[in-house]
Amino acid sequence: MRRHGVFLLLMLAGLALGGVYPALAGDYYIGVGLTLLMWIALTQSWTVLSGMTGYISLGHAVFFGLGAYVMVLGWSAKLPLLVTIPLAGLVAGLLALLVGAPCLRVRGPYFVILTFGLAEFVKYVVVSVEAGLGKAGRLLFATPSLETLFYIMLVLAAAAVALCYGVRRSRFGAGLRAIREDETAAETLGIPVTRFKLTAYVLSAIIPGMVGAVMMLRSTYFEPLQVFNPITSFTIVSMAIIGGSDDAPGPLLGAIFLVVLSELLWANAPELYMVILGALLVVFVLFLPEGLWGRIQKLWRRRQAA
Amino acid sequence: MDILLSGQLLVSALVLGALYALVALGLNLIYGTMRLLNVAHGDILMLGGYVAFWGFTLLDIPPVLSLFVAFAMAAGLGAVAYSLIFRRVLTSTAVLERIEANSLLVFFGISVIIQNLTGLVFSANERAYSYLDQVVTIGGTSIGADRLVSLIVALTVCLACVLFFRFSRVGLAVRALIQQRDAAALVGIDTDRINLLVFCLGFGLAGLAGTLISMTEQVSPFIGFPFTIAAFVIIILGGLGNLYGSLAGAFILAGIEVYGVALTSSSFRSILVYGVFIAILLLRPQGLFNRGSAAR
Amino acid sequence: MSALLQVEGLSKRFGGVQALNDVSFEVAEGEILGLMGANGAGKTTAFSLIAGNQRPSAGSIHLDGQRIDGLRPDRVSQLGIARTFQIVRPFGGMTVLENVTVAALYGRRRISGFTEAEALAREVLAEAHLADRAELPAASLTLAGRKRLEVARALATDPRILLLDEVLAGLTASEVAEALEIVREIHQRRGLTLVVIEHVMRALMRLCGRIVVLHHGQKIAEGPPQQVAEDPVVIEAYFGAAPA
């Protein structure tokens, strides 16, 4: 317990801050806060797989989109939120379980483009299904208030942070990191590589599924091309790489940084924002692979040694 | 069933296949020699399309001439990209180790940059122009003159490339480099110059394809991406580094698309392309024509 | 002494290459068995098959009477076989201590707590003469250090049999001496069964109680070091390799 004291303190502080935030901020900034919490939840979950094992998923939007779809169907069926949101997570997890085994056999860049291809495939299948059902987009009515959504997302984000933090420090996480370093050596040391990779993949899918469901309630308009948007996947990867993907603080930093940047630029120059995002990704991948958090840690270690 | 036998579909498949071949060839060359997955490849194509568009609407230059300009511009871009960025990247061992998985992300970032810069400069609106709109009839099949020209040019360029790689010394050097990077350097092949040539040629082919495509399709900052995806599917289908494989793969994919859509509906196009993509990666990642286990 | 490890009729084919052809030998508990042969003789392939990194094309492998060929490497490790790699594979991004701690967490003793695993790791690092480098990144070690890390990692899984693949290759004379000392200490202190692949003839002769000689994937000799060294078949195969 003592080892995790700082983390628990920060978590409580964050929850407290989040708790009072809607009362203090106007509607617009509650929306921004909601967006930030969404990205936090997504990137922390993504890190459990991609940061820990090195299997970079460029298709995480598929879980988000699937969760949104579950919400759309569930809302129309008048199912209570307490059912649909976990159901969305479950469906996302099931998809990961289903495709994970064959997909995780593929390594390196092929895994990256495979996840991308998978997300696009599911997207167009959903487009077809909706077209087949005669639906050109769906509307959701009487959705919960922005504040309610904010609180739900706060819980999801906190859960995601806790998950990432917990995995990183667990025996399971040590095994994942060994897999990232050298899969063959890891397996030879007794780590059940296939099972662990699959577990990480499923874990990384559940919260994004729930996040997608919640965000569906915010946008109220379901359009497959939007909810399965590859830009979502790209943004998740960028945030994690810029912030640092080895531990929980990294994606947190990345999400905050890019949400702030987006707030400054998106309204007037969305293309400029994307250009900067692309440039940052290139720079960080090539020259700062440890991300902002990793860089901070390095400087801290250097100062300690001096 | 009759529709499957129509000349129209065959022509469509051939035209698409020839264009795909140009794009895939360029991508495969860069991958084969340098193990770089150029996700921005389609965006080079897009820029070539803009060259043709502006050339035609502003300067009245027919696309068959702006072909050369587009090729030159794209090749120039390739030279710049290589000299400034990738030569350094390929020689730094620390970065080199991370290169394969990371080149994908790097090129993805570059793609985003190119697409959005173009959007900033040219606006995201779609542009089109008419050129060689007349319909020509050959042997009972009607085809637009513009598509006919596309087909002829694309096939000619592909043939030229095949001959180049088969019979020229430089072409042989490229093939050697693809097969065995380190050994090629050992036998005296100047890998740096070949890399530069490959970058220029690969980009140039994409720019060229873009011009041809602009004759029949609308041009916008985002048209490149579907071609990038198609090119990826093709080079994996045909086998990474396997140049002839990508030619075959191009026509196979074009066939699947054209005939698949004819049998189902146009909204199925993406499902087919991505379906093939996933299937190949999962079932036979070394491609249809490469022997041996997965390409790593 | 009953055989701890039994290899029978082991064969492995890679495409057109027959890497191993009908190889059989036994390893008794507590002995140090040497595996000798020219490059390409099939020694590392044999290790890969035993440890589960590859599946045999034919033949069987038994550990303490239990059939283990075809099992995944993590399963084989749980049953008590550890191996080092000829080309070392350290977890470069982790510290030396973390490398061994991970191994301890997934070893045969089923340790689940980090504190216990770390304690075991430190013990093992001391045995491998790496205690002073514990907090350093594994990537910063010299080759000799990395080879010792490889051994330490394997030891931390608490194996019954340790397969050492050319732990002396690339080391200077003094590093070789230190490595041999470590290996001997491990054998004596733990009573560990060792199978050792080596090219350094002198070391092999002095270390091992018995040697198996492979050539082009087949076993051509087996016996005590002196006998093997004087075997005309072996001499002919080696053509100039100097016996001790």
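A:Arg107 is partly exposed, with a relative accessible area of 38%. The model is predicted. A:Arg107 pairs with A:Glu183 in a salt bridge, with 3.9 Å between the closest N and O atoms. A:Glu183 sits in helix α8 (residues 183–188) of chain A, and A:Arg107 in the loop between α4 (81–103) and α5 (108–132) of that chain, so the bridge ties together parts 76 residues apart in sequence. A:Glu183 itself is buried, at a relative accessible area of 13%.

**Salt bridges**

Over all chains, the structure holds 29 salt bridges. Side chains of opposite charge can pair when their charged atoms come close.

| A:Glu183 | A:Arg107 | 3.9 Å |

The bridge between A:Glu187 and C:Arg72 crosses between chains. A:Glu187 belongs to helix α8 of chain A, while C:Arg72 lies in the loop between β5 (66–67) and α2 (73–79) of chain C. A:Glu187 is buried, with a relative accessibility of 9%. C:Arg72 is partly exposed, at 48%.

**Chain C against chain A**

Here 24 residues of chain C are in contact with 20 residues of chain A. The buried area is about 1900 Å², and carbon and sulfur atoms give 60% of that area. Three salt bridges cross this interface. On the chain C side, α2, α3 (96–105) and α5 (143–156) each supply at least two residues. That side divides into 11 nonpolar, seven polar and six charged residues.

**Chain B against chain A**

How many salt bridges does the rule find between chain B and chain A? The count is zero. Polar contacts between these chains come to two residue pairs, both residues at pLDDT 80 or more. Three helices of chain B, α5 (99–122), α10 (224–238) and α12 (268–283), each supply at least two residues to the side touching chain A. The largest share is from α5(B), with 15 residues. By class, this side has 27 nonpolar, seven polar and three charged residues.

In total, 37 residues of chain B are in contact with 33 residues of chain A. About 3100 Å² is buried between them, and carbon and sulfur atoms give 84% of it.

**Nonpolar cores**

In soluble globular proteins, nonpolar side chains tend to be buried together. The largest nonpolar core in this model has 271 residues. Those with the most contacts inside it are A:Met153, A:Val211, B:Tyr20, B:Leu22, B:Phe199, C:Met36 and C:Leu162. Which helix gives the most to this core? Helix α1 (residues 7–34) of chain B does, with 18 residues.

A second core is separate and has 28 residues, including C:Ala46, C:Ile61, C:Leu63 and C:Val212.

Key
Residues numbered from 1 in each chain as written. Chains lettered and ligands numbered in written order. Predicted model: local features only at pLDDT ≥ 70, side-chain atom pairs only at ≥ 80, totals over all residues. Heavy atoms only, no water. Contact = heavy atoms within 4.5 Å. Buried area = accessible area lost by both parts, 1.4 Å probe. Salt bridge = Lys/Arg side-chain N within 4 Å of Asp/Glu carboxyl O. Polar contact = N/O pair within 3.5 Å; in protein donor to acceptor, adjacent residues only side chain to side chain. Helix = DSSP H or I, 4+ residues; strand = E, 2+ residues; numbered from the N terminus. Nonpolar A, V, L, I, M, F, W, Y, C, P; charged D, E, K, R; others polar. Core = buried A, V, L, I, M, F, W, Y, C linked by side-chain atoms within 4.5 Å. Buried < 20%, exposed > 50% of the residue type's maximum accessible area, 1.4 Å probe, protein only.
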